Amino acid sequence: MKKVIVIGLDGFEPKIAEAMMAHGELPNLMRLREQGGYSRLKTTHSAQTPVAWSSFSTGTNPGGHGIFDFLTRDTKTYLPIMALSRYEQKNAFVLPKVVNMRRGTPFWNLLSAKEIQSTIIRVPCAYPPDQVKGRMLSGVGVPDLRGGFGTPTFYTTRSSVSADQSEKAIIVTMKDGKITTYVIGPRDPKTKSDFKFDINIQIDKLENKIIITSQGQPENLEVKLVKWSKWLKVKFKVGMMQAVTGIMRFNLRQIEPEFELYASPINFETEEPLFPISSPQEYAHELALKIGRYYTTGMAEDHDGLNNGRFDESAYLDQCRIVLRERRKMMEYELGRFTGGYFFCLFDTPDRLAHMFWRFTEPNHPSNRGEDVSQYAKIIEEHYRECDEIVGEAMKHIDNETLFIVLSDHGMNSFQRGLNLNTWLHDNGFLALKAGSKPGDGGDFFQNVDWDMTKAYAMGLGCIFLNLKGRESNGIVSADEAESVREGIVSGLNGLADSARGAVAVRSVVRREQIYSGPYLNEAPDLLVNFSEGYRVSWDTPLGGVPQGLFADNHKKWGGDHVIDPALVPGILFMNKKFSAESPSLVDLAPTILNSLGVPKGAEMEGRDLLS
Amino acid sequence: MKILVLNLQDARPQTLFSDERLENIHRLIDMGCFGELKGDASDWNVLARQENHTLSLLEFLEQADKQCASFDDFSALRSKLDAGDWDYCQLSDSGLKNASSHAGSGSADDYLRLDWELDEVLQYLGDDTIIAVVGEGCFVLVSANNPISGEHKEGSTVDIAPTLLELAGYPLPAATEGKSWVAGMELKNASSGLTAEEEEILRERLSGLGYI
């Protein structure tokens, strides 16, 4: 083969795709199925975007690449931290460096060593970008300008509003149809306050729009009611001589009776990103000059805005379409000049959309709270049709010497009920709270947890860690005792029932060495919880909360999820060549792609060539 | 704390403070304090002047049995910093042109080369270092415990030595000529532990993930 083209559809659910194909829909994917084949694709433990795509990249189980969850913990402080990348700073005087925590060898490094070009757009866990021969644009893992997964700002004249989940709120006052306010930038490590960028808002009631005037680009930005604005480039002076730039969009929700304006998280700007987001470094900007400004943060879709009720489904859909369209432009531009080697483009939107619209497919979903959900009941299918169209567009670039692959990293399922894992650990004697406090008293970050008496704790999306002596700073479980503690948790949690629903919530609990092997096994959670369909860890669990009660209904709009037993949420795999469809796995893709391009698989790669 | 003084006699404030290309100098400026200096630029290491002897900062610290070293080029300085066995290091009397081991590397001017050199020197330091860059009638001073930030006006060249000593926690000799800028001020503490505000930042950063 001369070319391998891979289209990634994050979170594309096989059951939906299969049902649609059974009705003769998704014509391009059906064509691929006929030409080559289709199979469900075994995903990773756990079934999460960064974990799964890292196994795709390296051809190893997570023990070989070190990404086990979006989050991990700092063993010194027990605080949850981002697991995908880390900022390392030699000392206070030099700039911090971003270090990718995905280790192992991605297969494009092996291609580069053989002088084979790659074009890789938005593969997760490649931030900072790998130094490939060719081009790479980073994806999931790239933070916003405030250093997180994305912090939007909500401006309103309603004085009762306060900031919700991962957002900032600014109460503004309107005077003679004008508002003077600011954009919140990165935090000043010296003064601990936020850098600001002044904006003035001129309200035009007749035209149902506002003009945002600033020293940014453009100087005057028009924002029409309920429409996404164009990009505003903002600049924060962060020192006497230093400035940081970013780009953002606005969505004007309402002018009267109260003013409401949503501002997206501030994305890195491609010309001067805070940290490199592409390889070569100038590639990100070259792309922007060709297709226009685009979202650069890893999590481009503004799910927080919808979750917090700052805008509605229709605005979220509009934004998903913008993201999809710009990604499609990138794909078309790059495929247009693709002559050989490896091509990859990831579309994240099927995942981000299904998270927020799953509830509409289940009228009795607790998130709906009686709301009529018929309006969006078919929106996921509609979106899958758009994805199929994109696949069709890419298929135009297939020639006799092309291996063409469409895959998803995991599927999607329902999230109706959450299990408070730390509360279970507490009730069963594994996690202790300080004298006088009980579950529900403290908040996140293991507040009130008595580490000197705690044997195990849960954080992230279904991870349980032992409070191990010599590893955790206040560890009390000795190496000899570790197995009996794990055994106690496994036997207690296995098959745990949700009595209110008469259903089994936990299908199984697995020890790390049962599912992982390799050099990073020792970084893995000690136990992983495999949830049943409809269940997940509760909202209070990932950041270390110990709330009251074992189970909680999920009332958030984020009503679909996939971090359950991986056996229940496989991905999809389509290829234009016949392949052995005997339970293919994500780790098989790297050897398959390498072999197609005439490069032997890497020594650590665990999978097999699906075409042989 | 350790003290590192980089004396570049012909580095002028106009360029040092306003040439946007000097990223490392400006990061230091933003971290600490800076300003112009009155007095003779060659007095940058003078601590006290007696009738027939001038006590330098280096000499004073040597008398206090501190490990001191003086260099006139960056690469020798870097080796010393890398070895780590020092309390006081100074780079002196070299001037911009001679300072750079990158001399001849392309068209960049001396100031830009100085900035590169600075970047490399900074790699070898620990957080417990006090850095002073002293040019011709100007300075940049960075120290984690320095209570002064931004532009510091009305300073004299001879104030540098006592200010450094005070920040580093050494007693000043009675005959000190200059005046420490931080005299009588409360030095800053390196903070530790997670404050409520920092927790909020952590929450904000992580919760944008959606899954949590």
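How many helices and strands make up the secondary structure of chain B?

**View 1. Chain B at a glance.** This is a predicted model. The secondary structure of chain B comes to eight helices and 10 strands. Chain B has 212 residues, and 42% of them count as buried. Take the contacts in chain B between residues at least 6 apart in sequence: 66% of these join residues at least 24 apart.

**View 2. Confidence along chain B.** The average pLDDT of chain B is 87, and 90% of its residues score at least 70. Over residues 103-107 of chain B, pLDDT stays under 50. The model has zero contacts beyond four places in sequence for this stretch. Where pLDDT is low, the predicted coordinates should not be read in detail.

**View 3. Where chain B touches chain A.** The contact takes 38 residues from chain A and 28 from chain B. On the chain B side, two elements give two or more residues: α2 (23-31) and α8 (196-207) of chain B. The largest share, nine residues, comes from α8(B). By class, this side of chain B has 14 nonpolar, eight charged and six polar residues. For the complex, the predictor gives an ipTM of 0.83 and a pTM of 0.90.

**View 4. An enclosed helix in chain A.** Helix α3 of chain A spans residues 49-58. Why does α3(A) count as largely enclosed by the rest of the structure? Because 10 of its 10 residues are buried. Among them are A:V51, A:W53 and A:F56, as well as A:S54, A:S55 and A:S57. Just after α3(A) comes A:G59, with a positive phi of about 70°.

**View 5. Two helices crossing in chain A.** Helix α5 (residues 283-291) of chain A packs against helix α7 (residues 313-336) of chain A. The angle is about 100°, and the axes lie 10 Å apart. Angles of 65 to 115 degrees count as roughly perpendicular, so α5(A) is roughly perpendicular to α7(A). From α5(A), the residues A:L287, A:K290 and A:I291 take part in the contact. They meet A:E326, A:K329, A:M330 and A:Y333 in α7(A). The residues of this contact divide into four nonpolar and three charged, with no polar ones.

Technical notes
Residues numbered from 1 in each chain as written. Chains lettered and ligands numbered in written order. Predicted model: local features only at pLDDT ≥ 70, side-chain atom pairs only at ≥ 80, totals over all residues. Buried ≥ 20, exposed ≤ 12 C-beta atoms within 10 Å, placed from the backbone. Helix = DSSP H or I, 4+ residues; strand = E, 2+ residues; numbered from the N terminus. Contact = placed C-beta atoms within 7 Å. Nonpolar A, V, L, I, M, F, W, Y, C, P; charged D, E, K, R; others polar. Axes fitted to C-alpha atoms, helices over the stretch in contact; angles between N-to-C directions. Parallel < 35°, antiparallel > 145°, perpendicular 65-115°, else oblique. pLDDT = per-residue confidence, 0-100.
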